[in-house]
Protein chains: 2
Amino acid sequence: MPDFALDQQLAADSLPVTELALSSVRLMRDANYPWLLLVPRRPGLVEIVDLTEPDRITLMEEIATVSQALRETVRSDKLNVAALGNSVPQLHVHVVARRRDDAAWPNPIWGAAPRRHYAEGEAEALAAKLARRLK
Amino acid sequence: MPDFALDQQLAADSLPVTELALSSVRLMRDANYPWLLLVPRRPGLVEIVDLTEPDRITLMEEIATVSQALRETVRSDKLNVAALGNSVPQLHVHVVARRRDDAAWPNPIWGAAPRRHYAEGEAEALAAKLARRLK
């Protein structure tokens with residue numbers, strides 16, 4: 001099995017926030033929603049059920065940690081947590097802060113609204129703020 | 001805090017499969033996709049992060065158990081696992097077997113295709129088959 005390498009599409013669509021014990025945390029480059037990804041650094045993994053049991057438990061705790069950090073950092077009416085992977089199979093978990101006035105509410109975000117660019121430096125500033133909370 | 005009661009919308013949209021330690025397992029009445037719900041029997045819960053840590057770990061293991069049962073029971077090219085709750089806030093986790101030829105592929109299923117009714121007795125038969133695997 002080769003070493004873990006982040007999927008190129010995920011890498012292009014997001015910027016790094018921090019590294020947790022199991023997962024890389026990344027911020028999606030879409031200003032419509034505060035939208036994080038957790039990517040477990042396990043090569044070849046596609047489904048949550050195919051993680052080992054200890055890794056699954058770590059992933060769940062990292063989902064909770066990131067959810068809490070997101071909720072404390074941005075305004076959020078609801079969290080959306082999802083592992084879909086129909087287009088990008090590398091296992092990744094979306095953790096999204098939803099707002100009743102966001103571009104897709106109450107629908108799921110995937111494919112719902114055209115991507116909106118962050119202003120210069122804004123995504124990096126949010127990623128840094130989240131990283132400090134996740135230390 | 002009142003006792004747990006299943007949300008009326010979830011109850012109307014699904015039929016019972018089995019009861020696990022934490023969650024009720026239900027089959028959505030939509031023949032487009034083999035589509036299960038896990039509903040932790042905790043009153044007032046909305047977000048995964050608001051479950052206690054032991055409950056979160058149990059939920060993760062129930063997600064894995066149900067994922068495996070679904071994969072062994074129906075044809076599946078990809079699992080989709082999601083806690084959204086924008087419309088029905090009671091915490092529920094979708095576990096859906098996706099197929100490359102299903103009604104929404106590769107898009108998420110929510111709102112993607114009109115609900116398709118199961119033939120008479122078909123949903124109950126699938127629920128019973130899944131329940132046997134989950135014993």
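Predicted model: local features only at pLDDT ≥ 70, side-chain atom pairs only at ≥ 80, totals over all residues.
Contact here means that heavy atoms lie within 4.5 Å of each other.

**Helix H3 of chain A**

Helix H3 of chain A runs over residues 122-133, and at 1.5 Å a residue its twelve residues should span 16 Å, which agrees with the 17 Å that separates its end C-alpha atoms. Its buried residues are Ala123(A), Leu126(A), Ala127(A), Leu130(A) and Ala131(A). These residues cover an arc of only 140 degrees around the axis, which means that they sit on the same side of H3(A). An α-helix has 3.6 residues a turn, so residues three or four places apart point the same way. The partners against which the buried residues of H3(A) pack are strand E1 (14-19), strand E2 (23-28), strand E3 (35-40) and helix H2 (53-73) of chain A.

**The crossing of H2 and H3**

In chain A, the axes of H2(A) and H3(A) come within 10 Å and cross at roughly 125 degrees. Angles of 65 to 115 degrees count as roughly perpendicular and those over 145 as roughly antiparallel, and H2(A) is therefore oblique to H3(A). The crossing of these two helices is right-handed, and H2(A) contributes Ala69(A), Leu70(A), Glu72(A) and Thr73(A) to the contact, while H3(A) contributes Leu126(A), Lys129(A), Leu130(A) and Arg133(A).

In chain B, helix H2 (residues 53-73) and helix H3 (residues 122-133) pack at an angle of about 125 degrees, with their axes 10 Å apart, and H2(B) and H3(B) are therefore oblique to each other. Their crossing is right-handed, and the contact is made by Ala69(B), Leu70(B), Glu72(B) and Thr73(B) from H2(B) together with Leu126(B), Lys129(B), Leu130(B) and Arg133(B) from H3(B).

| Residue | Relative accessible area |
|---|---|
| Tyr118(B) | 17% |
| Asp55(B) | 12% |
| His92(B) | 6% |

Tyr118(B) belongs to the loop between strand E5 (93-98) and H3 of chain B, and it counts as buried. Although Tyr118(B) and Arg29(B) are 89 residues apart along the chain, their C-alpha atoms are separated by 6.9 Å. When neighbours within four places in sequence are left aside, the contacts of Tyr118(B) include Leu27(B), Met28(B), Arg29(B), Asp30(B), Tyr33(B) and Pro34(B), as well as Ala123(B) and Leu126(B).

His92(B), also buried, is found in the loop between strand E4 (78-83) and E5 of chain B. The C-alpha atoms of His92(B) and Leu36(B), which are 56 residues apart along the chain, are separated by 9.9 Å. Not counting residues up to four places away in sequence, His92(B) touches Leu10(B), Leu37(B), Leu38(B), Val39(B), Ala82(B), Ala83(B) and Gly85(B).

Asp55(B) lies in helix H2 of chain B and is buried; leaving aside its neighbours within four places in sequence, Asp55(B) is in contact with Leu22(B) and Arg42(B).

**Cis peptide bonds**

Most peptide bonds are trans. In chain A, however, the peptide bond from Trp105(A) to Pro106(A) is cis, with omega near 0 degrees, and Pro106(A) is placed in the loop between strand E5 (93-98) and H3 of chain A. In chain B, the peptide bond from Trp105(B) to Pro106(B) is cis, with omega near 0 degrees, and Pro106(B) is placed in the loop between E5 and H3 of chain B.

Terms used
Residues numbered from 1 in each chain as written. Chains lettered and ligands numbered in written order. Heavy atoms only, no water. Helix = DSSP H or I, 4+ residues; strand = E, 2+ residues; numbered from the N terminus. Expected span 1.5 Å × (residues − 1). Buried < 20%, exposed > 50% of the residue type's maximum accessible area, 1.4 Å probe, protein only. Arc of directions from axis to C-beta. Axes fitted to C-alpha atoms, helices over the stretch in contact; angles between N-to-C directions. Parallel < 35°, antiparallel > 145°, perpendicular 65-115°, else oblique. Left-handed = near helix turned anticlockwise from the far one by under 90°.
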